[in-house]
Amino acid sequence: MLRLGDEAPNFTARSTQGPISLSDYRGRWLVLFSHPADFTPVCTSEFVALAKAAGEFAALDCALMALSVDSLYSHLAWIRLIHDMFGVTVDFPIIEDPTLEIARAYGMIGCDAVDAAAVRTTYFLDPDGVLRASTCYPAEVGRSVDEMLRILTALQRVHRGSCLVPANWTPGDDLLRVPRASVAEIVKEKNAGDWFYTTIPDKGAA
């Protein structure tokens, strides 16, 4: 099971954008997300929404990469159908994982799973390829693209350890200062609780 703080295992696979390796994305943020199957209603709704939001991820210097058990040609046929039905082009790569090798390496499914029916996992990888957050949904429930963008932006804010993100935060809201860590700093604070809870303005990426 891939855990927060782990370096994501590298892989090379066929995709709708040609052969691709995870290491190709070092130096920028990456959202790697899996889906149970092509030509399914929930997955289709997600891909339409993510394709429409691709520019918002790119503005945050973040790439998108999808993965499923289906074959490359199934992916291509599905992309064509999405284009024809919704007028949307899916430009981010979709990887084929017919042997479930990548899904197992990442802990998306159990070691004894025979299919990917339970897979709807999202991994947020930093520019060093380290897992910073993950979410997992059942096959019947689609992801929130707004929440994906919020998580990504929050991770970028705290990446260098200069601040913290409070509950229900959205970009532009106040952040939290990292708590003071010495008696000398604590006693200098005006109010008793300021050493551990002080809001600061959101000034963009840390």
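Trainee: What do the buried residues of α1 pack against?
Mentor: They pack against β3 (29-34), α2 (54-59), β4, α3, β5 and α5 (145-158). Contact means heavy atoms within 4.5 Å. Helices (H or I, at least four residues) and strands (E, at least two) are DSSP runs, numbered from the N terminus. This is a predicted model: local features need pLDDT of at least 70, side-chain atom pairs count only at pLDDT 80 or more, and totals for chains, interfaces and linings use all residues. Residues are numbered from 1 along each chain as its sequence is written, and side-chain values use heavy atoms, with hydrogens and water left out.

Trainee: Which residues are buried in α1?
Mentor: Cys43, Thr44, Glu46, Phe47, Val48, Leu50 and Ala51. Buried means under 20% relative accessible area, exposed over 50%, partly exposed in between (1.4 Å probe, protein chains only).

Trainee: Now the sheet. What is the strand order?
Mentor: The order is β5-β4-β3-β6-β7. The sheet is open, with 5 strands and mixed pairing. Two strands pair if DSSP finds at least two bridges between them.

Trainee: Which strands are at the edge?
Mentor: β5 and β7, as each pairs on one side only.

Trainee: How do β6 and β7 run?
Mentor: Antiparallel, with 5 bridges joining β6 (residues 121-125) to β7 (residues 131-136). Leu125 has Leu131 as its bridge partner in β7. The two strands form a hairpin with 5 residues between them. In that turn, Gly129 has a positive phi of about 80°.

Trainee: And how many bridges join β3 to β6?
Mentor: 4, and these strands run antiparallel. Leu30 stands opposite Leu125 in β6.

Trainee: Where does α5 pack?
Mentor: On the sheet, touching β3, β4, β6 and β7. The direction of α5 makes about 25° with that of β6. Axes are lines fitted to C-alpha atoms, for helices over the stretch in contact, and angles run from 0 to 180 degrees between N-to-C directions.

Trainee: Switching to α3. Which residues are buried there?
Mentor: Leu72, Ser74, His75, Trp78, Ile79 and Ile82. Seen down the axis of α3, they fall within an arc of 155°, so they line one face of the helix. The arc is that of the directions from the helix axis to the C-beta atoms.

Trainee: What does the face turned away carry?
Mentor: The exposed residues Tyr73 and Arg80.

Trainee: What do the buried residues of α3 pack against?
Mentor: α1 (41-52), β4 (62-68) and β5 (94-96).

Trainee: What follows α3?
Mentor: Gly87, whose phi is positive, near 70°.
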